[in-house]
Amino acid sequence: MLGRISVFPSPQELGSALAQLIVQRAAQSGGRFTLGLSGGSLVGLLARELPSAASTGTGTGAGPWFVAFCDERLVPPEHPESTFGSYRDRLFLRLPEPKPTVLGVDTGLSADEAARDYAERLREAFHGDAVPVFDLLLLGVGPDGHTCSLFPNHPLLQEKEKIVAAITDSPKPPPERITLTLPVLNAARTVVFIATGEGKAAVIKRILEGNEDNSLPAALVRPHTGQLLWFLDEAAAKELTVPFEKHSIL
Ligand SMILES: O=C1O[C@H](COP(=O)(O)O)[C@@H](O)[C@H](O)[C@H]1O
């Protein structure tokens, strides 16, 4: 399943369209809006565009936002690699009232304990559902095809039972992380992959135009009933030969 591919002239235009999509989905959720955030370059895109889009979007009937993390690096929030810390400092405080409820990972625990604890609190937040169904998950993709902290050829790609798993040998530092597993990613109502820059062009082509036994982690995200969207800038899309939609919103 390829999903719908949207290509924007620049990361700024992509960020702006993504912010609009988030605000729209929040309004459409008709109650609590559940959003899963990834780290890395996504933080900057959202920090630049979401506060103003969300402020304009208030009063549209949107309910409260519940925000969780698609993965987290096991470092304290003050550490520059902390996904929670980056969002706290660059985004959450700038969102309009009511502020989202944010479910952070307890990075003081061991990786296994942190994963167990996060899974338990996630299940509570989703009223005991075996597999949480997020309204919207925002996923990044690394140049090696990883998404969340699911890396190529790693045994975690086979995980079927756990909703959150620990990894202590991440090939990308820091080595200790926790991550949502494929069953949660594939249960979401909407998954958006976001990739910008020339450094992603080759892997985006492999994921979207590779052969059927493509086992790159990002290629294994195929929502069962949900929608799959790709938001790329022109640099990341430059090797694609499959049809895509070109957008310009400025
Ligand atoms: O390590 C990670 O990398 C991916 C991709 O990050 P990017 O900076 O290349 O966009 C990110 O989605 C994930 O959350 C993060 O932990």
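**Aromatic contacts in a predicted model**

**View 1. Arg-32 over two phenylalanine rings.** The charged end of Arg-32 sits over the ring of Phe-126, at 5.3 Å from the ring centre. Arg-32 also lies over the face of Phe-66, 5.0 Å from the centre of that ring. The model shown here and in the other views is predicted.

**View 2. The Phe-66 and Phe-126 pair.** The structure holds nine aromatic pairs. One of them joins Phe-66 and Phe-126, with 5.8 Å centre to centre and 85° between the planes. The geometry is edge-to-face. This pair links distant parts of the chain, 60 residues apart. Phe-66 belongs to strand S3 (residues 65-69). Phe-126 lies in the loop between helix H4 (111-125) and strand S6 (136-139). Both Phe-66 and Phe-126 are buried.

**View 3. The Phe-69 and Tyr-87 pair.** Ring centres of Phe-69 and Tyr-87 are 6.1 Å apart. Their planes meet at 40°, so the pair is tilted. Phe-69 lies in strand S3 and Tyr-87 in helix H3 (residues 83-90), so the contact ties together parts that are 18 residues apart in sequence. Phe-69 has a relative accessible area of 2% and is therefore buried, because the cut-off for buried is under 20%. Tyr-87 also counts as buried, at 0% relative accessibility.

**View 4. The cluster around Phe-69 and Tyr-87.** Four residues form one aromatic cluster: Phe-69, Phe-84, Tyr-87 and Phe-92. The tilted pair of Phe-69 and Tyr-87 has both its members in this cluster.

Notes. Residues are numbered from 1 along each chain as its sequence is written. This is a predicted model: local features need pLDDT of at least 70, side-chain atom pairs count only at pLDDT 80 or more; totals for chains, interfaces and linings use all residues. Side-chain values use heavy atoms; hydrogens and water are left out. Rings of Phe, Tyr and Trp (its six-membered ring) pair if their centres lie within 6.5 Å; planes under 30 degrees apart count as stacked, over 60 as edge-to-face and the rest as tilted. Helices (H or I, at least four residues) and strands (E, at least two) are DSSP runs, numbered from the N terminus. Buried means under 20% relative accessible area, exposed over 50%, partly exposed in between (1.4 Å probe, protein chains only). A charge sits over a ring if NZ of Lys or CZ of Arg is within 6 Å of the ring centre and within 35 degrees of the ring normal.
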